[in-house]
Amino acid sequence: MKSSGRPLGECRLKAFAAIETFEGRSKLSTWLTRIVINEALARLRSARRHAARAEQMAAAARHIDTLFGTTPPPTPDQFAEQAELRVLLEQAIARLPVTYRIAFVLREIEGMTVDEVAAALNVLPATVKIRHFRARRMLQADLAPVARDVLDGSLLFGGAICVALTERVNALIAAHRDAAPGRATLSG
């Protein structure tokens, strides 16, 4: 079935097409909810595949831009950091409790509205908002130490590098002052 971008519409079509397979061992609403959840999970898997392809396309575009000099080439560190952050985010999402993870994935990854998620999960829209909010808070709390470590490591300006740079600048200033008394500029 071709994706129309309307997840609930597709779920309705799938449910209608498969109604003959409904055996009545559970409530119809439970069966329909399972169809919606399975569709959401399938879309999530598809989104991951598309994201991987999009990343490959973006990398190719960056490579072309680099060849033609339109953008500076990304460093290997930048590539590694992006990949590491992507993995950390995926792991953090996987650690969310199921009810919060589903609400988060349907809202953030699938792009469903609050009302669509509420209908899919058979809950009130306020419940979806709360679950989505709590999922975001949990992700922030989970990723805050990682972000702090990344920022601490990337914003360091001290130690031997800082001392060596300061000494070189001071030496240049002193040499320039000695060469041209009364002038405090570095221009020639």
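What is the volume of the largest pocket? In this predicted model, the largest pocket has a volume of about 350 Å³.

**View 1. Lining of the largest pocket.** The lining is made up of 13 residues, and those closest to the pocket centre are Arg48, Ala51, Arg86, Glu90 and Ile109. Helices α2 (28-67), α3 (76-95) and α4 (98-109) each contribute at least two lining residues. The most come from α2, which supplies 6 residues. By residue class, the lining of the largest pocket has 9 nonpolar and 4 charged residues, with no polar ones.

**View 2. The aromatic pair.** The structure holds 1 aromatic pair. The ring centres of phenylalanine 22 and tryptophan 31 are 5.2 Å apart and the ring planes stand at 50 degrees, so the pair counts as tilted. Phenylalanine 22 is partly exposed, at 25% relative accessibility, whereas tryptophan 31 is buried, with a relative accessible area of 16%.

**View 3. Nonpolar cores.** The largest nonpolar core consists of 12 residues, among them Cys11, Val36, Ile37, Leu106, Met112 and Val128. Two or more residues of this core come from each of α2 and α5 (114-121). Helix α5 gives the most, with 5 residues. A second, separate core has 9 residues, including Ala92, Leu96, Ala135 and Leu139.

**View 4. Salt bridges around arginine 43.** Arginine 43 is bridged to glutamate 39, with 3.2 Å between the closest N and O atoms. Both residues of this pair belong to helix α2 and are 4 residues apart, about one turn of the helix. Arginine 43 also forms a salt bridge with glutamate 110, at 3.9 Å from N to O. Glutamate 110 is in the loop between α4 and α5 while arginine 43 is in helix α2, so this pair ties together parts that are 67 residues apart in sequence. Arginine 43 and glutamate 39 are both buried, and glutamate 110 is likewise buried.

**View 5. The salt bridge between aspartate 142 and arginine 95.** The closest N and O atoms of aspartate 142 and arginine 95 are 2.7 Å apart. Aspartate 142 lies in helix α6 (residues 125-154) and arginine 95 in helix α3, so the bridge links distant parts of the chain, 47 residues apart. Aspartate 142 is partly exposed at 27% relative accessibility, and arginine 95 is exposed, with a relative accessible area of 52%. Elsewhere, salt bridges with shared partners join Glu39, Arg43 and Glu110 into one network. The count of salt bridges comes to 5.

Key:
Residues numbered from 1 in each chain as written. Predicted model: local features only at pLDDT ≥ 70, side-chain atom pairs only at ≥ 80, totals over all residues. Heavy atoms only, no water. 1 Å grid on protein atoms, 1.4 Å probe; cavity = no way out; pocket = protein on both sides within 12 Å on 5 of 7 lines; lining within 4 Å. Points joined across faces, edges and corners; volume = space filled by probe spheres on them. Nonpolar A, V, L, I, M, F, W, Y, C, P; charged D, E, K, R; others polar. Phe/Tyr/Trp six-rings, centres within 6.5 Å; stacked < 30°, edge-to-face > 60°. Buried < 20%, exposed > 50% of the residue type's maximum accessible area, 1.4 Å probe, protein only. Core = buried A, V, L, I, M, F, W, Y, C linked by side-chain atoms within 4.5 Å. Salt bridge = Lys/Arg side-chain N within 4 Å of Asp/Glu carboxyl O.
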